[in-house]
Amino acid sequence: MTVTYSSQVANARLGSFSRLLLCWRGSIYKLLYGEFLIFLICYYIIRFIYRMALTDDQQVIFEKLTLYCNSYIQLIPISFVLGFYVTLVVTRWWNQYENLPWPDRLMNLVSCFVEGKDEQGRLLRRTLMRYANLGNVLILRSVSAAVYKRFPSPQHLVKAGFMTPSEHKHLQKLSLPHNSFWMPWVWFANLSTKAWIGGRIRDPVLLQSLLNEMNTLRTQCGQLYAYDWISIPLVYTQVVTVAVYSFFLACLIGRQFLNPAKAYPGHEMDLVVPLFTFLQFLFYAGWLKVAEQLINPFGEDDDDFETNWIVDRSLQVSLLAVDEMHQDLPPMERDMYWNEPEPHPPYTAASAQSRRPFFGSTFNISLDKEDMEFQPDPEEEESAHTGIAGRFRGLQSHDRQPPRTNSKTKLLWPKKEVLSHEGQPKNLGGVGQDTSDQEDSEAWKGEDAFKSTVLYGRSGYHSAPQTPLSHTPMVFPPGQSAPSSFHKVLDMDDTVKDQSLQPATPRSKKSFELLPESAGASTEYPEVSHMRRKTVEFNLTDMSEAPEHLRELHVGQSTSNIHTILKDRGDPYWALENNRSVLYPNQGH
């Protein structure tokens with residue numbers, strides 16, 4: 001037990017020491033310690049010369065120079081310039097990382113889509129993935145110094161197994177004065193099409209998915225090539241570097257502590273170590289060093305991408321996935337939570353403290369009982385007080401809004417109020433206002449009477465001939481024909497068509513009555529003699545919504561026979577209305 005504990009302590013100490021070394025290798029202190037020591041030595045040399053080597057007059061001149069540098073040092077926009085520069089470099093660095101070609105998705109598709117466990121199928125899958133890895137190596141050796149040192153020539157790629165001698169000869173035969181990293185991707189596409197033609201890939205949709213993933217990797221390789229070709233403008237880097245170093249050169253003189261006895265403003269204290277100046281050097285110079293390290297992540301520095309490891313890992317994983325793991329599945333078994341509806345994986349002692357359920361940030365909020373009651377909508381209360389109940393209680397104000405109307409209540413309005421709602425002038429007197437209030441209340445009260453009245457007896461029915469007579473069709477009992485009066489009406493058209501329209505009450509209403517011209521017609525057809533007067537009302541003020549044949553009648557044929565016009569035009573509603581008048585002679589106006 002003691003030996004085990006001591007070995008654990010030793011391993012922990014060794015691990016902490018290795019982590020310390022790793023932190024030193026990749027830390028900002030390694031990048032800054034040389035320049036910081038130079039800045040520190042220069043600062044104290046100037047301080048020693050100021051205090052020990054200069055005369056009084058020379059000290060006065062130096063103090064004036066120090067005040068001048070300290071006042072104008074803030075004019076250097078070091079924060080502004082460094083901020084934009086580092087933002088640009090870090091964004092570029094992260095985009096280059098995202099464009100590193102990882103073959104994992106492509107190897108999954110190749111292992112799934114390219115079928116055949118025979119030698120030909122295995123050769124096909126391994127060749128496809130070897131082409132993909134060859135394209136990745138070609139682009140990495142073009143942008144990374146570490147990979148280029150590992151594979152300095154195409155012969156090294158042949159010896160390393162990424163390319164066969166025949167493929168090398170093919171590359172040399174097709175050599176161009178350009179980078180040839182794109183050629184293996186063309187081979188990949190051609191070989192995939194050949195596999196589909198040979199039946200190794202079942203469906204063209206699978207082939208398209210495979211080529212789409214291949215084109216994604218090809219695009220990432222092209223992006224890396226473009227980042228290596230188009231770098232950050234050198235002028236921008238030079239401006240930032242000059243701004244940082246000129247700032248700290250001015251700090252060597254401007255941040256010196258002057259003699260407190262001379263009472264210069266801001267120099268009441270005489271410190272040996274300018275702490276905040278040193279911290280400022282670490283921040284600004286470290287910021288610049290970070291940008292310089294990230295501007296090319298494919299180098300050989302400690303913080304650069306491990307491109308050689310990426311090459312090894314990609315080749316090993318991709319060939320394993322398409323060869324040994326092709327259709328190699330473990331047996332399916334029931335998991336340990338097969339009969340448990342709520343599985344609870346166990347926790348170790350180190351992770352037991354993190355075993356806390358989470359139900360949302362508002363789960364623990366508690367409210368009083370009074371705060372959880374729903375409140376009524378103030379708009380609904382206001383509309384309830386000013387509605388029908390408010391009308392009966394007399395709660396309307398003088399500037400009340402007009403009542404809400406629908407298609408039923410609008411038919412109950414008197415004609416003068418209909419005209420006022422349609423844009424005609426109202427009666428501005430007080431009597432007219434009282435009359436309109438009374439008519440509104442009567443309209444609301446008469447809604448029940450409107451519903452109980454038959455359809456053809458409702459007000460405004462004859463002014464809307466497009467309205468159906470009834471929502472139920474006229475159906476006669478089986479085995480029976482229509483009543484005799486129904487047939488008589490059809491025979492009566494020749495006599496009734498000579499009827500004319502004569503004004504009934506010219507001053508009271510704008511309406512017409514159907515009157516027989518001769519008494520012979522009533523003696524020949526006794527059904528017409530005991531019929532009540534049937535009044536047909538038309539809205540003669542606004543004829544825009546009337547039927548076209550009625551508008552023509554009103555404009556140019558007011559003295560002609562209206563029944564003849566309606567019959568000649570074949571109006572079905574007019575015939576049905578006459579039929580209803582004969583069948584029900586006691587109903588009407």
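You'll find Gln74 in the loop between α3 (56-72) and α4. The model is predicted, so to speak of local features takes pLDDT of at least 70 and side-chain atom pairs count only at pLDDT 80 or more, while totals for chains, interfaces and linings use all residues. Numbering runs from 1 along each chain as its sequence is written, and side-chain values use heavy atoms, with hydrogens and water left out.

- Leu288 belongs to helix α13 (residues 275-294), and it counts as buried because its relative accessibility is 2%.
- Leaving aside residues up to four places away in sequence, Leu288 touches Leu82, Val240, Thr241, Val244 and Tyr245; contact here means heavy atoms within 4.5 Å.
- For Leu288 and Val244, the C-alpha to C-alpha distance is 7.9 Å and the sequence separation is 44 residues.

**How α4 and α12 pack**

- Helix α4 (residues 78-98) packs against helix α12 (residues 234-254) at an angle of about 140°, and their axes are 10 Å apart. Axes are lines fitted to C-alpha atoms, for helices over the stretch in contact, and angles run from 0 to 180 degrees between N-to-C directions.
- That makes α4 oblique to α12 (under 35 degrees is roughly parallel, over 145 roughly antiparallel, 65 to 115 roughly perpendicular, and the rest oblique).
- The crossing of α4 and α12 is left-handed, meaning the near helix is turned anticlockwise from the far one by less than a right angle.
- On the α4 side, the contact is made by Ile78, Val81, Leu82, Phe84, Tyr85 and Leu88; α12 brings Tyr236, Thr237, Val240, Val244 and Phe247.
- By class, that contact of α4 with α12 has 10 nonpolar residues, one polar and no charged.

**The chain as a whole**

- The chain has 27 helices and three strands, taken as DSSP runs (helices H or I, at least four residues; strands E, at least two) and numbered from the N terminus.
- Of its 589 residues, 31% count as buried.
- Among contacts in the chain with a separation of 6 or more, 70% come from residues 24 or more positions apart.
- The chain's accessible surface is about 39,600 Å², and 59% of that belongs to carbon and sulfur atoms; the areas come from the Shrake-Rupley method with a 1.4 Å probe.

Notes
Ala, Val, Leu, Ile, Met, Phe, Trp, Tyr, Cys and Pro count as nonpolar, Asp, Glu, Lys and Arg as charged, and the others, Gly among them, as polar. Buried means under 20% relative accessible area, exposed over 50%, partly exposed in between (1.4 Å probe, protein chains only).
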